Each structure stands twice: as structure tokens, then as C-alpha cells.
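Here is a short note to read beside the model. Keep the structure open and check each point as you go.

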Amino acid sequence: MARKVTSRRMAIVTVVAWAVGFAIFFPILWTIITSFKTEAEAIASPPKFLNFHWTLENYITVNERSNYFRHFMNSVVISVGSTLLALLIAVPAAWSMAFVPSKRTKDILMWMLSTKMLPPVGVLIPIYLMFRNLGLLDTRTGLVIVLTLINLPIVIWMLYTYFKEIPVDILEAARMDGASLKSEIIYVLTPMAVPGIASTLLLNVILAWNEAFWTLNLTAAKAAPLTAFIASYSSPEGLFYAKLSAASTMAIAPILIMGWFSQKQLVRGLTFGAVK
Amino acid sequence: MATQHSRAAARAMLSPSVLLLLAWMIIPLSMTLYFSFLRFNLLMPGMEEWAGFDNYRYFLTDPAFWYAMRNTLVLVGGVLVITIVGGTLLGLLLDQDFFGQGIVRVLVIAPFFVMPTVSALVWKNMFMNPVNGLFAHFAQALGLQPFDFLAQAPLLSIIVIVAWQWLPFATLILLTALQSLDSEQLEAAEMDGASPLSRFIYIVVPHLSRAITVVILIQTIFLLSVFAEILVTTNGGPGYASTNLTYLVYVQSLLQFDVGGGSAGGVVAIILANIVAIFLMRMIGKNLES
């Protein structure tokens with residue numbers, strides 16, 4: 001009797017959950033479907049869901065007409081570049097705070113976090129003017145620098161919470177055995193730290209890929225990553241739904257896939273360890 | 001048991017991060033503060049002069065500022081209400097046992113990974129457009145007049161778009177919190193005859209309160225700076241109907257080239273964000289001790 005109730009309940013929950021999940025995902029699904037339509041079919045009334053002639057022409061047009069590949073590469077260079085640079089700076093910092101904590105470690109961590117609370121618009125003008133004077137406007141280098149700095153606190157925090165979980169006993173054993181600081185890092189710490197570093201890297205690439213304040217304000221045609229390229233569809237000419245969909249699908253697909261892999265780290269990374 | 005030597009090494013490893021963040025914080029901030037007291041327009045280079053509090057007076061008495069303040073609060077508040085209520089309900093739903101849990105969770109999280117310009121443009125054109133959007137097609141099918149969302153309810157439309165982007169975040173965090181709820185406590189309450197509603201109010205909600213606070217604070221930090229969604233949908237209009245503080249400062253400084261006025265606006269935005277930040281920092285700091 002009890003089992004029967006549970007299985008009926010489970011069937012209901014299954015139906016409701018799938019319906020809700022489908023509804024939330026629908027805008028993305030609709031974008032993907034529309035990207036395979038012709039422009040005329042994309043605005044057909046009544047809308048066509050699957051009963052249309054599937055075509056790849058939008059993907060070809062977008063790539064040919066707008067130099068899509070360059071914007072894609074800009075996104076890759078900027079997000080991966082800023083992440084690697086941030087890791088390079090953050091790993092030693094997080095390591096030292098996690099394993100050689102001092103009285104001020106907590107204050108330093110909190111202060112680092114507070115820099116993340118700075119609204120970007122509060123420093124937009126100085127950064128813009130500095131970049132103009134240094135010739136960094138509309139360059140990948142400029143964006144790598146800015147995105148490294150804005151994500152550095154998150155990177156340090158995530159690494160710190162991961163490093164904290166590495167048992168100190170092992171490090172102390174290595175020290176007893178006379179391991180130098182260098183070999184301690186290379187042979188003991190690194191193998192245990194790799195998973196944490198990998199998930200930090202993943203989350204940070206996602207954040208940098210989707211960053212849409214600095215990328216929009218500091219780039220024009222040359223260094224524009226996909227966020228800024230897609231924004232150019234806000235004042236289009238003629239029919240463009242299918243092309244917008246194709247460009248959007250290509251822009252979000254890699255990150256969607258990475259994001260699904262990193263969903264567990266997401267909570268931890270974005271709440272600074274406040275929720276685990 | 002850190003030695004003197006390893007302490008020095010640790011400090012050396014920490015200093016690049018500290019120096020970089022210090023520079024990143026102090027240099028632009030002091031420049032913004034300095035500019036905010038200047039009469040400084042990019043179209044008139046070399047004409048900068050001390051303006052005292054003029055920029056603040058103009059910025060704070062401009063009706064645009066009060067529109068922007070109101071819109072900022074409505075935008076942040078509206079998105080928070082939708083995402084927290086929706087996130088709690090979704091969290092409760094996803095916490096149940098059902099077929100395909102993993103897949104549904106992936107579907108629900110997906111919007112968070114869509115870049116702001118894509119989600120705003122997809123919603124604007126393919127859903128909210130009064131002629132070709134899906135909503136217009138549905139309205140027509142039902143014999144109703146299509147509604148021009150972004151022209152007639154611009155702020156509400158942007159709230160919907162931003163809420164769609166942030167719902168997964170709230171859901172994920174509240175779900176994580178729900179999963180750490182002690183099920184024995186719930187079972188004991190059930191045995192004692194507590195109704196589902198009172199179990200929810202007296203056990204689940206208190207347990208979630210911490211996670212909800214974290215969601216509110218973190219989302220507020222990000223929502224105060226909503227920019228791309230406004231830029232590609234309404235450009236802040238019609239009039240100032242969907243201009244928030246971030247967008248107003250952008251217009252003033254990079255479109256009207258009024259560096260002084262824009263900087264004063266930037267300082268106001270910083271103060272506003274700091275009020276929220278203080279509470280967030282306290283919560284996270286407490287957690288660091290435990």
C-alpha cells in the first residue's frame with residue numbers, strides 16, 4: 001500500500017519536474033531550433049517547431065559575413081588567458097594563506113573579497129581613460145588584464161577553500177622527512193591540489209567568457225569577444241532571427257557544456273564557501 | 001609549526017596578489033573620487049577645473065537620478081523576489097526522487113551559463129517582439145492583441161529576463177542547502193503529526209534562512225550592476241523607464257563624455273554597493289571562523 005502511494009507520487013513529481021525543467025530550458029532550445037531554420041521560417045506564423053526544412057545555411061552565413069571565428073578566438077584568448085594569469089598569481093597566495101596562516105590571513109581574505117564588491121561602473125571612467133592613454137582600448141591584452149583583476153578574488157577564495165581541505169599532516173610528514181619547500185610543492189601538494197585548481201579554472205573561464213560589462217565598454221570591432229559581437233545584433237538590418245540564433249548557439253554551446261560539468265563547484269565558487 | 005623561513009616565503013607568495021588588488025582598488029577609485037570634484041568633459045580637453053560638490057548637486061537633483069534609483073531598486077527587488085520564491089519551490093521539487101533527476105537539474109541550471117547579451121536578445125526578439133515573437137503568436141492564436149513588452153513594460157520585461165538568468169543560481173544554492181537538511185528531524189515532526197505546511201514553515205524555512213541570505217546578498221551585488229541586458233534591449237528607455245544607476249553613469253560618462261558628472265554617479269553607486277557588501281562580508285566572515 002505504502003509503496004503504491006510512493007510510486008504514484010514519484011510519477012507525479014517526475015511529470016511536474018520534467019515540465020518545469022523543459023519550460024526553463026525552452027528559450028535555449030528554441031534558439032537552437034531556430035538556428036536551423038531559414039529566415040522566413042524563423043518568423044513564420046504559426047511558429048514551426050520541428051516540421052521545417054532543417055538547414056545549416058545560417059551557420060555558414062554567420063561565419064562568412066561577420067568574421068565570427070575571430071570573435072570566437074577573442075573570447076577564447078581573453079577567458080582562458082585571464083584565467084591562467086589569475087591562477088598563476090593566485091595559487092601561491094592561496095597556498096601560503098592555507099598552509100602558513102598568520103593572524104592577519106582572515107583579514108586579508110576578507111579584504112580581497114571586498115574588492116569584488118566594487119561596482120564596475122564606479123571605476124569605469126578611470127579605467128577607460130587609462131586604457132585610452134595606454135593604447136589598450138580594443139585590445140585582447142587590455143581585457144585580459146581587467147578580467148584577471150576582477151576575477152582574482154574569486155580565484156584566490158576558491159583555491160583557498162580547496163587547499164584548506166588538504167590534510168596538513170601529510171605536509172608535516174614531508175617536512176619531517178626533510179623535503180624542501182620546492183619538493184613539498186611539486187611532489188606532495190600539486191597532486192592533491194590539481195582537482196581544486198581544475199574546477200577553479202573551469203568556473204573562472206565560464207565567468208570570464210560571459211563577462212559583459214568590461215567586454216562591451218572596452219572593445220570595438222577588433223578585440224570584441226562574443227558577448228560584444230552578439231550585442232551588434234541589437235540593431236540589425238532585415239531578417240535576422242535565424243542568424244542571431246546560429247551565432248548565439250555557437251556562442252553558448254561550449255560554455256553550456258563546461259557549465260554542466262562544473263555545476264557542483266558553482267555553488268562553492270560563487271558563495272565563497274558560505275554554502276557547501 | 002611554520003619556521004621563520006617558510007613565513008618569509010609565504011609572505012613573498014602572497015604579496016603579488018595583495019599588491020595587484022591594492023593597486024586595482026586604490027588607483028581607479030581615487031581617480032573616480034578626484035574626477036567627481038572636477039568640471040571635466042572629454043569634448044573639452046584641457047578645460048578641467050575644480051567644481052567642488054557641483055557634480056554631486058547636479059547628479060542628485062537630476063530627475064534622471066531618481067528614476068534610475070527607483071528602477072535600480074525595483075529591478076533588484078523584483079529579481080530577488082522571483083528568484084528566491086521560484087528557487088525555493090524548484091529546490092523543493094528537485095530534492096524529491098524522480099526519474100531523470102540529473103537531466104532535469106541540467107536543464108534548470110542551463111540559463112545561468114548563457115551570456116547576458118544572448119539571453120537578452122533572444123528574449124527581446126524571439127519571445128517579446130510584438131510582431132514576430134512567440135508571445136505575440138500565442139496572443140494571436142488566442143484572439144488577443146499582441147503586447148509590446150519592451151515598449152509598454154520595459155522594466156518588467158528586463159526583470160523577467162534577468163530573473164530567468166539568476167533563477168538557476170538561487171535554485172542551486174537552495175537545493176544544496178535543502179540536501180543538508182537532517183531528514184530525521186522532518187520524520188520526527190511528521191510522526192508527531194505536523195502537517196506538511198507547518199513542517200515547511202518551522203523546519204525547512206529556518207534551515208534555509210542562511211542560504212537565502214547568501215543568495216540575497218550575492219545576487220544584489222551582481223544585480224546592482226546589470227548593464228548588458230539594458231544596453232541591448234531598451235537602451236534605458238523609453239525615456240528613463242528602464243535606466244538603472246549603472247546605465248545612467250555609462251550614458252553620462254561614455255555617451256555624453258561628462259566625466260565629472262559620471263564620476264559623481266560612480267561614487268554614489270559605490271556607496272550603495274558597499275552598504276550591501278558590509279552585510280555580506282559579515283556573513284562570510286562568521287563562516288570563516290567556524
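1. Start with a term. A salt bridge is a side-chain nitrogen of Lys or Arg within 4 Å of a carboxyl oxygen of Asp or Glu. Side chains of opposite charge can pair when their charged atoms come close. R39(B) forms a salt bridge with D54(B), with 2.9 Å between the closest N and O atoms.

2. Some ground rules. This is a predicted model, where local features need pLDDT of at least 70 and side-chain atom pairs count only at pLDDT 80 or more, while totals for chains, interfaces and linings use all residues. Residues are numbered from 1 along each chain as its sequence is written, chains are lettered from A and ligands numbered from 1 in the order in which they are written, and side-chain values use heavy atoms, leaving out hydrogens and water.

3. Stay with chain B. R39(B) lies in strand β1 (residues 38-39) and D54(B) in helix α2 (residues 54-61), so the pair ties together parts that are 15 residues apart in sequence. Helices (H or I, at least four residues) and strands (E, at least two) are DSSP runs, numbered from the N terminus. D54(B) also meets R57(B) in a salt bridge, at 2.6 Å from N to O. Both of these residues, R57(B) and D54(B), lie in helix α2 of chain B, three residues apart, about one turn of the helix. Salt bridges with shared partners join R39(B), E49(B), D54(B) and R57(B) into one network.

4. How accessible are these residues? Buried means under 20% relative accessible area, exposed over 50%, and partly exposed in between (1.4 Å probe, protein chains only). D54(B) counts as buried because its value is 17%. R39(B), at 40%, is partly exposed. R57(B), at 51%, is exposed.

5. Now chain A. Which residue does K243(A) meet in a salt bridge? The partner is E39(A), at 3.2 Å from N to O. K243(A) lies in helix α12 (residues 241-261) and E39(A) in helix α2 (residues 39-42), so the pair ties together parts that are 204 residues apart in sequence. K243(A) is buried at 16% relative accessible area, and E39(A) is buried at 12%. Over all chains, the search finds four salt bridges.

6. The overall form of chain A is helical: it has 13 helices and zero strands. Its radius of gyration is 24 Å, whereas a compact globule of 276 residues would have one near 19 Å. That radius is taken over C-alpha atoms, and the globule rule is 2.2 Å times the number of residues to the power 0.38. The C-alpha trace spans about 75 × 75 × 35 Å along its principal axes. Of the 276 residues, 57% count as buried.

7. T83(A) lies in helix α4 (residues 68-99) of chain A. Leaving aside residues up to four places away in sequence, T83(A) touches L201(A), N204(A) and V205(A). Contact here means heavy atoms within 4.5 Å.

8. Last, the interface. In chain A, 102 residues are in contact with 94 residues of chain B. The buried area is about 8800 Å², with 81% from carbon and sulfur atoms. Buried area is the accessible area (1.4 Å probe) that two parts lose on being put together, summed over both. How many salt bridges cross this interface? The rule finds zero between chain A and chain B.
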